[in-house]
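Let's take a friendly walk through a protein model together. Keep the sequence and the 3D view side by side as you read.

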Amino acid sequence: MEDLVKFVQDEFIPKNDFPTFAAGDTITVYYEIKEGEKSRTQFFRGVVLQLRGTGRTQTFTIRKMSGTVGVERVFPLNLPAIQKIEVNKRGVVRRARIFYFRGLTGKKARIKERRG
């Protein structure tokens, strides 16, 4: 049964080619918003908190600070509205899911940049 589900997902759901990224990376997601008959491109730049799921059902969570309020957004990796993803900075973290990042403020909320 699992093989059949995987086959259907591979065959019928189109695959987007995005750069690889992991938790701790700072990325910018450009996605299309439709307002009535008009559509425009908006971006969301923040730190990746987690990647979740496998294959076509994979999602990722991004957190950014909007003033003093933290804003998190979950994007399905296979969302047709996503136009492109840019990796701005690669971060060094020791975990796959950095939920502790929510509680950090100021200088403690900095993530070291991966070199090379």
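## The overall layout

What you are looking at is a predicted model. The protein chain contains 1 helix and 5 strands. If you start at the N terminus and read along, the elements come in the order α-β-β-β-β-β. Along its principal axes, the C-alpha trace of the protein chain spans about 45 × 40 × 25 Å. Of the 116 residues in the protein chain, 27% are buried.

How confident is the predictor? The mean pLDDT of the protein chain is 90, and 95% of its residues reach 70 or more. Within the protein chain, confidence is lowest in helix α1 (residues 2–12), with a mean of 74. Strand β2 has the highest confidence, at 96.

Now turn to the aromatic side chains. The model has 5 aromatic pairs. One of them joins Phe44 and Phe75 in an edge-to-face arrangement, with 6.1 Å from centre to centre and 65 degrees between the planes. Phe44 belongs to strand β2 (residues 38–52) and Phe75 to strand β4 (residues 69–76), so this pair ties together parts that are 31 residues apart in sequence.

Another ring has a charged neighbour. Lys84 lies over the face of Tyr30, at 4.9 Å from the ring centre.

## The largest pocket

Which residues lie nearest the centre of the largest pocket? They are Lys15, Asn16, Gly55, Gln58 and Leu77, from a lining of 13 residues. Sorted by class, that lining has 5 nonpolar, 5 polar and 3 charged residues.

Begin with Val5, which sits in helix α1. Val5 is partly exposed, with a relative accessible area of 42%. From Val5 to Gly36 it is 31 residues in sequence and 35 Å in space, C-alpha to C-alpha.

Next comes Val48, in strand β2, the strand that also holds Phe44. At 0% relative accessibility, Val48 counts as buried. Val48 and Asn78 are 30 residues apart along the chain, and their C-alpha atoms are separated by 16 Å.

Finish with Lys108, found in the segment after β5 (82–89). Lys108 has a relative accessible area of 67%; the cut-off for exposed is over 50%, so Lys108 is exposed. Gly55, one of the residues nearest the centre of the largest pocket, is 53 residues from Lys108 in sequence and 34 Å from Lys108 in space, C-alpha to C-alpha.

Notes
Residues are numbered from 1 along each chain as its sequence is written. This is a predicted model: local features need pLDDT of at least 70, side-chain atom pairs count only at pLDDT 80 or more; totals for chains, interfaces and linings use all residues. Side-chain values use heavy atoms; hydrogens and water are left out. Rings of Phe, Tyr and Trp (its six-membered ring) pair if their centres lie within 6.5 Å; planes under 30 degrees apart count as stacked, over 60 as edge-to-face and the rest as tilted. Helices (H or I, at least four residues) and strands (E, at least two) are DSSP runs, numbered from the N terminus. A charge sits over a ring if NZ of Lys or CZ of Arg is within 6 Å of the ring centre and within 35 degrees of the ring normal. On a 1 Å grid over the protein atoms alone, a cavity is a set of points where a 1.4 Å probe fits but cannot get out, and a pocket is an open set with protein on both sides within 12 Å along at least five of seven lines; lining residues have an atom within 4 Å of a point. Ala, Val, Leu, Ile, Met, Phe, Trp, Tyr, Cys and Pro count as nonpolar, Asp, Glu, Lys and Arg as charged, and the others, Gly among them, as polar. pLDDT is the predictor's confidence in each residue, from 0 to 100. Buried means under 20% relative accessible area, exposed over 50%, partly exposed in between (1.4 Å probe, protein chains only).
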